[in-house]
Amino acid sequence: MDPLAGMDDSTTDDDNASQTTEDDPQVPDNHPPAPQPPQPAPQPVPQAPPPATSGRERPNYELRHTLRGHTQSISAVKFSPDGTLLASCAADNLVKIWSPFTGDLIRNLSGHTKGLSDIAWSTDGVYLASASDDTSVRIWNVDSGLTTKHLKGHSSFVFCVNYNTASNLLVSGGCDGDVRIWNVARGKCMKTLHAHLDYVTAVHFNRDATLIVSCALDGLIRIWNTTTGQCLKTLAEGHDAVCQHVQFSPNSKYILSTAHDSAIRLWDYHTSRCLKTYTGHRNEKFCIAACFSVTGGKWIVSGSEDQKVYIWDLQSREVVQILEGHEGVVVAVATHPQQNMIASGSIEPDLTVRIWSDRGSTC
Amino acid sequence: MNASLLNPFTVTHPTAVQTSLVSGASFARFDPTGKFVAAGRSDGSAAIWDLDTRAVIRWCEGHVKAVTSVDWSRNSRYVLTSSKDWNVIIWDLASPVDPPQRYNTIRFDAPVVSAYFHPRNSRIVLALLSTGEAYVVDSRKEHRARVELCETLSEDDDDERARSIMTTARFDPSGRHVFVGTSTGNVLVFNSRTKIMVARHRIAGAGSMKSLEFAKVGRRFATNSSDRTIRQFILPTYPSPIMGAECAVLETELEPTHRFNDPINKVSWHAMCYSPDGEWLAGGAADPATHKIYIWDISNDGQFATALDGGREPLIDIHWHPGASRLASTTNQGSVLIWHCPSPERWGAFAGGFEEADENVMYEEGESEFDIENEVELAMRKKLQEDEAVDILGGVDDLVDHKMNGVAGDPGDEDLEWADDEPDDDWQGWRLKVIMVDDDDAY
């Protein structure tokens, strides 16, 4: 299962929508002729500076590193909240901790007995939670590489996990349709919401942890009151649009969802209105994450089944850059919390995590 | 921020017990964010509860006799506990250990009845001793001092009238003044900077003052006194003392705007407190057999709204949540009851695009509701709509890191400038570390 990525605050925005800008056309991506350090990474990739089509600011991301090491499909990548580390998880039962600046592998977190679907950092960056097909969630001390808590309770694969901002709560969603809320300090399940009838593919807290948003393969996005466990609202997308990833915007006023009709939508959940639709990529089969980028321009970043990473302008909904290089479906993306940096992860046969960065001075 | 989703109902006082924290407490205080509760115990410890997980996250163990009061600094970083063992301890919750590190210990020579932080600077502490003396202790480098608040007696009658015993002392919400209640039914007002008495208010018929509470908004305060009546007053304004000048003490009798009591049972009151919007006043009845909280509707001319019944264990303390319709009431068995305003489950929320109507409504067809529209035009319109800019970052203050609460009042306001001098490091963005608890099945 490949899930999602990047839900932290770090990520930001997106905008653009609709109707297609065709994918490739405008912006081919670039390749760094000579990327730096360790891994001589790059792959064959086209290269071209972004055409200065419109007067709008455009991102100018270039491949910096290619991180190899996972032996099975990568399902999620996440930057630590202080931006010094990158975690990735994959179906090979491992969480790998990397340095996003040098591309070096720092540590493996091993202990799960089946593949992993999602990871989440605590706000202080000390702990990392991982969701696995072995039906458990582990909380790791990243420094020591040891499991601090082992949360058992789900009756099926755990597909998604997230911390609240205070990092005293953890929410996880499983393939049994349940959403569980955990007391992190004690490692105990506090509440189980029988939230959906199908795989819960994403769960996310809003900023003050009063709300939880969840989405499932039954096509529904639900918003829950954290304290009472009551369902407050259900958003239904079109029939063809089974939602696979959902998260609150950094200010928690909107939610961003990705769906199998190859569209990413930004919703105002108070009015249940879809405010923006971002299209151009391909997403019909896999669970692909999207995320906000707020460190420079305001973008929406997402992977795609055509092996590329797409970047949209939050407001205008145009595709502003396409990052090429992966040789498999890109299911995971994450944005760095402080810098213009994107990490993307791909499934077989590619099996790499790639770090892209924008050194500024865009047009 | 989620008010429209979370609180669709109009009743804004709590109505039912949500949870009970068994903590052996003699009183409980919400912190200013409303996420934690500090419960003081008679064995000398204080427990910090996390309301998200309903678990104790820190034990403040340092006193050898009963804790008499706790207070939170404005951004919840520091907690102060006062005790009958003559000490006031200030705990720093930013320390990632349990029990938290002591930031300071202030020692007196009598049991401490209550202690409070200055609302603008946690380096300034007001303490009241069981001997009836109140002190302002300032631990800032430039201002280090411990000053007793002394009542200024008027010249004519100081012979026959001994200095009265102080029975309660509080800062007002701005921190400019200290209000002190006395055993003779007076409210004395001191300037917190100069520690000079600026006013003496006589409250007729009140008897000994038991406690004082201020509404956070609106210039009102309430007193609880030994005549079993809660009185509400409009807060008078006091001129800022001019340096060097001998100011006259304002001597007035304050007339309450409202009196609250129970005309039938004539119960006395253990505690009272205002809701954060100042629209409700809750009184905890000192009834030896029941757990009753009376709620008055201040916005509706002080009408009695309801009496909440919390079961058999008698009430000894109440405190209102700083931002929501929640109350914490403590029973004499040491349980802290958290009251909330429950919202009924709306099953309609489980269906997308479905709205429950309270009663049948005739459907009215919209003007062009069933017209066939050109799809291209629809797409165009949607596109236009989507061009509207959205703001995904703004509107949340905690996205901005306020290093200091440097927003002073009016520049030139000496009292506030004095308080903001040498600010504490209780800045807004600090976070309490989660400490993992090793229990039974831990690794």
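Helix α2 of chain B (residues 375-386) has 12 residues and reaches 16 Å from its first C-alpha to its last, close to the 16 Å expected at 1.5 Å a residue; the expected span is 1.5 Å times one less than the number of residues. The model is predicted: local features need pLDDT of at least 70, side-chain atom pairs count only at pLDDT 80 or more, and totals for chains, interfaces and linings use all residues. Residues are numbered from 1 along each chain as its sequence is written, while chains are lettered from A and ligands numbered from 1 in the order in which they are written.

**Burial**
- Of the 12 residues of α2(B), 1 is buried, so the helix lies largely in the open (buried: 20 or more other C-beta atoms, placed from the backbone, within 10 Å of the residue's own).
- In chain A, buried residues make up 65% of the 363 residues.

**Chain A fold and confidence**
- Chain A has 1 helix and 28 strands (DSSP runs: H or I of at least four residues, E of at least two, numbered from the N terminus).
- Chain A averages a pLDDT of 82, and 82% of its residues score at least 70 (pLDDT is the predictor's confidence in each residue, from 0 to 100).
- Over residues 1-54 of chain A the pLDDT is below 50, yet this stretch has 191 contacts in the model beyond near neighbours in sequence (contact: C-beta atoms, placed from the backbone, within 7 Å).

**Interface of chains A and B**
- In chain A, 51 residues are in contact with 35 residues of chain B.
- The largest share of the chain A side, 6 residues, comes from β17(A).

Terms used. Two residues are in contact if their C-beta atoms, placed from the backbone, lie within 7 Å.
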